[in-house]
Amino acid sequence: MRLVILGPQGAGKGTQSARIVEKYDIPVIATGDMFRWAISHENEVGQEARDYVRRGRLVPDELTIEIVRGRLSQDDASDGFLLDGFPRTLAQAEALDVILEERGQALDAALAIEVPEEVSLRRLLGRRVCSNCGRNYHLDSPPQDNWTCDRCGGKVERRADDDEEATIRERLKNYHDSTEPLKSYYEERDTLRVIPGEGTMDEVFDRIVAAL
Ligand code: ADP
Ligand code: ZN
């Protein structure tokens, strides 16, 4: 299964992605995680991406496409994948199609999780993330033991780019301006599956499975 998941920040994409890849046994490729990893390891990609990520701006297409191309060429992605956070621009969507065409492959579906902007803003402001394994929590549903991850014991904290409302608004604006238009791109190709993102995680996941 070759999938893309679109949705504004705070739509619950990360949570749903984790469930999808478990059910369909495919790797998740999350460009945001790849950039954060590169930044913390201070490698070349990290140095180029750092300022954009910190400000909530989009990393330039050329660099982003290059890292996705490299990741898709690894063995574990040959039979399927879920792309989370990519594509985010029309140029990235077109590049993805070219990459897949080169291998005689195509996307099975582009899932678009939809939630109203106030909902995503509220979720983002309260979001807390395990600094070790990436699991998401929320002020309203913290880990059991004093901000220590239930899964791995890591420290659960605010992600650096969730810190300021201005950065969050910038990311939501980017989504609206650059990524939202991708829905019509996938609609034209008959791969778009719109998923209402409100309700419990289970309800949203059931909608995804039904759509696939
Ligand atoms: P969020 O969806 O909450 O913004 P991500 O982890 O997906 O978080 O992305 C974090 C940051 O990484 C983005 O704000 C942006 O700077 C950068 N980034 C991730 N994916 C892309 C992409 N496809 N194109 C450009 N920049 C990206
Ligand atoms: Zn953890």
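Reader: Why is Glu-165 called partly exposed?

Author: The relative accessible area of Glu-165 is 37%. Buried means under 20%, exposed means over 50%, and partly exposed is what lies in between (1.4 Å probe, protein chains only). Glu-165 therefore counts as partly exposed. This is a predicted model, in which local features need pLDDT of at least 70, side-chain atom pairs count only at pLDDT 80 or more, and totals for chains, interfaces and linings use all residues. Residues are numbered from 1 along each chain as its sequence is written, chains are lettered from A and ligands numbered from 1 in the order in which they are written, and side-chain values use heavy atoms, with hydrogens and water left out.

Reader: What makes the pair Arg-169 and Glu-165 a salt bridge?

Author: The distance from N to O in this pair is 2.9 Å. A salt bridge requires a side-chain nitrogen of Lys or Arg within 4 Å of a carboxyl oxygen of Asp or Glu, so the pair qualifies. Arg-169, at 41%, is partly exposed. Both residues lie in helix H7, four residues apart, about one turn of the helix. Salt bridges with shared partners also join Asp-97, Glu-188 and Arg-189 into one network. Helices (H or I, at least four residues) and strands (E, at least two) are DSSP runs, numbered from the N terminus.

Reader: Why can residues four places apart in a helix face each other's side?

Author: An α-helix has 3.6 residues a turn, so residues three or four places apart point the same way.

Reader: Why is Thr-64 called buried?

Author: Thr-64 has a relative accessibility of 4%, and therefore counts as buried. This residue lies in helix H4. Not counting residues up to four places away in sequence, Thr-64 touches Thr-31, Phe-35, Val-59, Phe-86 and Gln-92; contact means heavy atoms within 4.5 Å.

Reader: What makes the bond from Phe-86 to Pro-87 cis?

Author: Its omega is near 0 degrees. Pro-87 is found in the loop between strand E3 (81–84) and helix H5 (90–102).

Reader: What makes the phi of Glu-42 and of Asn-146 worth a remark?

Author: Most residues other than glycine have a negative phi, and most peptide bonds are trans. The phi of Glu-42 is positive, near 50 degrees, and that of Asn-146 is positive at about 40 degrees. Glu-42 lies in the loop between helix H2 (31–40) and H3, and Asn-146 lies in the loop between strand E6 (136–138) and strand E7 (156–157). With 60% relative accessible area, Glu-42 is exposed; Asn-146 is exposed as well, at 63%.

Reader: Which residues of helix H6 are buried, and what do they pack against?

Author: In helix H6 (residues 117–126), the buried residues are Val-119, Ser-120, Leu-121, Leu-124 and Gly-126. They pack against strand E5 (127–130), E6 and H7.
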